[in-house]
Amino acid sequence: SPAVFIPIAEETGLIVAIGEWVLRTACAQNKRWQKQGFSPLRMAVNISARQFREPSFFESVKEILREAELDPQWLELEITESIAMDKCEASLQMLDAFKALGVRISIDDFGTGFSSLNYLRRMPIDTLKIDQSFIRDICTCGHGEEVVTAIIQLAKNLKLKVIAEGVETANQRSFLKDKLCDEMQGFLYSQAVPSHEA
C-alpha cells in the first residue's frame, strides 16, 4: 500500500527518483493517448514534500514535459496543504512559476491541514480536493456533511474547482451532486486500472 511504502521512500530519499519516474511515465502515457486519437485529458500527479523541495524540481518538470512533447496544460500537480504552507513565500514563488508555465495546481487532501486562508487566497491554485476522511463521514452521525458543504462553498467563493476524493457510495455521490461538487473520484467509479483498460 502507498501508505506503507511512501513514508519509507520519503525517509530514504528514494521518493525523488520515484516521483520523477511517475511524472515521466504519466506525461508519456498522456501523450501516447493523444497520439492514439483520444481527446486530450489532464493528468494529475501527486507530488511529495521532498520532491517539491528539490532545487531542480521546476526544471525537471519542464524537461519531462519537453521530452514527452506534452503541452503543460495537460499536467496537474497535486500538493498537500502542508507542502503549500511550509516555507510559504518560497512555495508561492514555485507555484507561480508552474502557473506561468501553464501547469495546473491542486491542493490534495484539503481540510486535513491547517491552512492560512490568507495564503490560500494568494496561491495560484486551480482545484481543492476534499479529503476522503470527510467524504466517509457523509450520511453518518459525524460532521462530514457540514465540513464538505463548507469546503465546496469556500472553493466556489475562491472560484476554484472542487473534487471529492474517495467516493464509494451512491448516497455520497447524491449528496455531493446536490451540493454542486464539480468532480468526484473513487471506487464507486473505478479502482486504479492499467492504461489499456483506462
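Residues are numbered from 1 along each chain as its sequence is written. In this predicted model, local features need pLDDT of at least 70 and side-chain atom pairs count only at pLDDT 80 or more, while totals for chains, interfaces and linings use all residues; side-chain values use heavy atoms, with hydrogens and water left out.

User: How many aromatic pairs does a search of the whole structure find?
Analyst: Rings of Phe, Tyr and Trp (its six-membered ring) pair if their centres lie within 6.5 Å; planes under 30 degrees apart count as stacked, over 60 as edge-to-face and the rest as tilted. Under this rule, the number of aromatic pairs in the whole structure is 3.

User: How many residues apart in sequence are the parts that the pair of Phe57 and Phe98 ties together?
Analyst: Phe57 and Phe98 pair edge-to-face, at 5.5 Å centre to centre and 65° between the planes. Helices (H or I, at least four residues) and strands (E, at least two) are DSSP runs, numbered from the N terminus. Because Phe57 lies in helix 4 (residues 57-68) and Phe98 in helix 6 (residues 88-101), the pair ties together parts whose separation in sequence is 41 residues.

User: Is Phe98 buried or exposed?
Analyst: Buried means under 20% relative accessible area, exposed over 50%, and partly exposed in between (1.4 Å probe, protein chains only). The relative accessible area of Phe98 is 0%, and that of Phe57 is 4%. Phe98 is therefore buried.

User: What is the centre-to-centre distance between Phe58 and Phe98?
Analyst: Both Phe58 and Phe98 are buried. Their rings form an edge-to-face pair with 65° between the planes, and the centre-to-centre distance is 5.0 Å.

User: Which residues do ring pairs link into a cluster?
Analyst: Phe58 in helix 4 pairs with Phe98 in helix 6, so parts 40 residues apart in sequence are tied together. The cluster linked by ring pairs consists of Phe52, Phe57, Phe58 and Phe98.

User: What is the relative accessibility of Trp21?
Analyst: Trp21 is found in helix 2 (residues 14-35). Trp21 counts as exposed, and its relative accessibility is 56%.

User: Which residues does Glu69 touch, not counting residues up to four places away in sequence?
Analyst: Glu69 lies in the loop between helix 4 and strand 2 (75-80), and counts as exposed at 52% relative accessibility. Contact means heavy atoms within 4.5 Å. With residues up to four places away in sequence not counted, Glu69 touches Lys31 and Lys35.
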